[in-house]
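The following paragraphs lead through a protein fold step by step. Please keep the sequence and the three-dimensional view at hand while reading.

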Amino acid sequence: MSNLDIRVQIAGSSGNVYEIKLFQWGGKTKLRCDCQASKSGYFCKHRRAILHKDQSGYDSRLGVLGSWDEMQEALDATGLRKRVLAHEARRVELESDMDSIKDEIKAAKARVAAACEGGD
Ligand SMILES: [Zn+2]
């Protein structure tokens, strides 16, 4: 895996083509995309698509270096998919909790207003 360097290209919703690269550097496995969101430090939808095996934006006719299957196998072999998706699952869980808390706050505000009107 020391010479790991797999690249696939994915067509974005805007028609732009982005390159996602799986490689190792400094003893770490990295998955990078050359889109602006990724460069700005965000988990972009292109990397999300690759990690979730969503091929809807993938076009093998584009000058692909490394195949989709090769990328998918390496994401599992290196453990990168497992690590990233575990963190993403936690984010989804927290957002769900946040939605519940927002609902509770809304209900609490309604009770405050009701109390002003003589309610319990
Ligand atoms: Zn991207």
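Helices (H or I, at least four residues) and strands (E, at least two) are DSSP runs, numbered from the N terminus. In those terms, the elements of the protein run β-β-β-α-α-α-α from the N terminus on, giving 4 helices and 3 strands. The model is predicted: local features need pLDDT of at least 70, side-chain atom pairs count only at pLDDT 80 or more, and totals for chains, interfaces and linings use all residues. Residues are numbered from 1 along each chain as its sequence is written.

The next topic is burial. A residue is called buried if 20 or more other C-beta atoms lie within 10 Å of its own, exposed if 12 or fewer, and partly exposed in between, with C-beta atoms placed from the backbone. By this criterion, 15% of the 120 residues of the protein count as buried. In soluble globular proteins, nonpolar side chains tend to be buried together. A nonpolar core is a set of buried Ala, Val, Leu, Ile, Met, Phe, Trp, Tyr and Cys residues joined through C-beta atoms within 7 Å. The largest such core here has 15 residues, of which Ile 20, Leu 22 and Met 71 touch the most other members. At least two residues of this core come from each of strand E1 (5-11), strand E2 (17-25), strand E3 (28-33), helix H2 (45-51) and helix H3 (68-77).

Strand E1 contains Ile 6. Ile 6 is buried because 20 other C-beta atoms lie within 10 Å.

Helix H3 has Met 71, Ala 74 and Leu 75 as buried residues. They cover an arc (taken from the directions from the helix axis to the C-beta atoms) of only 105 degrees, which puts them on the same side of H3. The buried residues of H3 pack against E1, E2, H2 and H4, where contact requires C-beta atoms, placed from the backbone, within 7 Å. On the face turned away from the buried side, H3 carries the exposed residues Asp 69, Glu 73, Asp 76 and Ala 77. Just after H3, Gly 79 takes a positive phi of about 80 degrees.

Helix H4 covers residues 80-116, and its 37 residues should span 54 Å at 1.5 Å a residue, the expected span being 1.5 Å times one less than the number of residues. The end C-alpha atoms of H4 are 54 Å apart, which agrees. Of these 37 residues the number buried is 0, so H4 lies largely in the open. Gly 118, which follows H4, has a positive phi near 90 degrees.

Conventions
Two residues are in contact if their C-beta atoms, placed from the backbone, lie within 7 Å.
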